[in-house]
Amino acid sequence: MRAALASGQQALDRIEPILGHLLSSPDHSLFSDEIVARLRGMLNDLAWQVLRVQAEATGQAGREAFAERHGEALAAHFQQCGAILTHCHSLAVEWQLTERLEAKGGLDPVLSPVLQDFIAHHDPSVVSTAMSALAAQARFAQAQRRMELPLAELPGDLFHEVLVSWRTYNGERVSDALTRAEGKMRSNFDESASRLALFARLIASIGGQALDALAPDRAGAGLFFTALAARSGQTRAEAILSSNYRQVPRLALGLRAAGLPASKVDEVLLKLHPQAAPIADLDLVSEAEARRMLADVQAEIGA
């Protein structure tokens, strides 16, 4: 299992440069056209959002025309940031699973059974967070269908990366007006209101009772990946990319590390990858050992 995990980690580490190549090339043989198109759409949308702000701040005539002139170049500049690219890719994969769960099992892409349970929770603060998460998931679904990514939905570190990349792109064109516009964007940004932050608070609110959220056909892809990441010690992007067919050993270990019994892990794997062979001796791997194996392989590949 360690060898399979290491091989999977090496494959994950190759994703970022491959994505960069695909976005710069018409040959998409290694990734689906849908994923590449969605990535391009999200990067372009991020670029247009900041360019509209720039047009207003610098007195450009016609926000949309200004964004159209510079959008492709700025999107290509964002593409050079591995963290932004990985985040957009993980969202595209998340949405792909969301659509699969809807098509195969009739799971509502916005309101899953687990989210309904949160809405019916006895704690009013959890209910409030769940209602906000419901609205955020509805916006996410709409944005993904349009291949868009609102700046307000970025994690704080990636919002910072986008603004730094924007500033670098402008180079000598950076002016006092642009600096003030950037400052205003930073002051208006509220990461706590984002979909990912709301999901994280919901999972944290139930602590050890989060095992129900580790059933993708009950939690929905968004809550499932949030719970898997939080409880297994992985980043959310790592948790999402482990759902790929070639990452089944990593997904199995992640679920064990998250506290799911081996029998339940088999059920999740069967639902997501019915053609995959069962993972042998998974019941012999404890939660702590699974966490160690995930951490060790990352350290080995990164060394």
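Modeller: A salt bridge here is a side-chain nitrogen of Lys or Arg within 4 Å of a carboxyl oxygen of Asp or Glu. The model is a predicted one. By that criterion R38 forms a salt bridge with E34, with 3.5 Å between the closest N and O atoms. Both residues belong to helix α3, which covers residues 33–57, and they sit four residues apart, about one turn of the helix.

The side chains of E64 and R52 meet in a salt bridge, at 2.8 Å from N to O. E64 lies in helix α4 (residues 63–79) and R52 in helix α3, so this pair ties together parts that are twelve residues apart in sequence. E64 is partly exposed at 37% relative accessibility, and R52 is also partly exposed, at 21%.

R139 is in helix α7 (residues 124–145) and E153 is in the loop between α7 and α8, so the pair ties together parts that are 14 residues apart in sequence. At 43% relative accessibility R139 counts as partly exposed, whereas E153 is buried, with a relative accessible area of 16%. Returning to R52 and E64, salt bridges that share partners join them with E56 and R63 into one network. The structure holds 13 salt bridges, including the pairs described above.

A disulfide is a covalent bond between the sulfur atoms of two cysteines. The count of disulfides comes to zero. For C81, the closest cysteine sulfur is that of C88, and the separation of 9.5 Å is too far for a bond; the cut-off for a disulfide is 2.5 Å. C88 is likewise in no disulfide, with the sulfur of C81 as its nearest cysteine sulfur. Both side chains belong to buried residues: C81 has 12% relative accessibility and C88 has 1%.

One further buried residue is S165, at 10% relative accessibility. S165 is part of helix α8, residues 156–170. Leaving aside neighbours within four places in sequence, S165 is in contact with H77 and F78.

As for the chain as a whole, the secondary structure comes to 15 helices and zero strands. Of the 303 residues in the protein chain, 49% are buried. Among contacts with a separation of 6 or more, 69% are between residues 24 or more positions apart. The protein chain exposes about 14,100 Å², and carbon and sulfur atoms supply 53% of that area.

Terms used
Residues are numbered from 1 along each chain as its sequence is written. This is a predicted model: local features need pLDDT of at least 70, side-chain atom pairs count only at pLDDT 80 or more; totals for chains, interfaces and linings use all residues. Side-chain values use heavy atoms; hydrogens and water are left out. Helices (H or I, at least four residues) and strands (E, at least two) are DSSP runs, numbered from the N terminus. Buried means under 20% relative accessible area, exposed over 50%, partly exposed in between (1.4 Å probe, protein chains only). Contact means heavy atoms within 4.5 Å. Accessible areas come from the Shrake-Rupley method with a 1.4 Å probe; for residues, only the protein chains shown count as cover.
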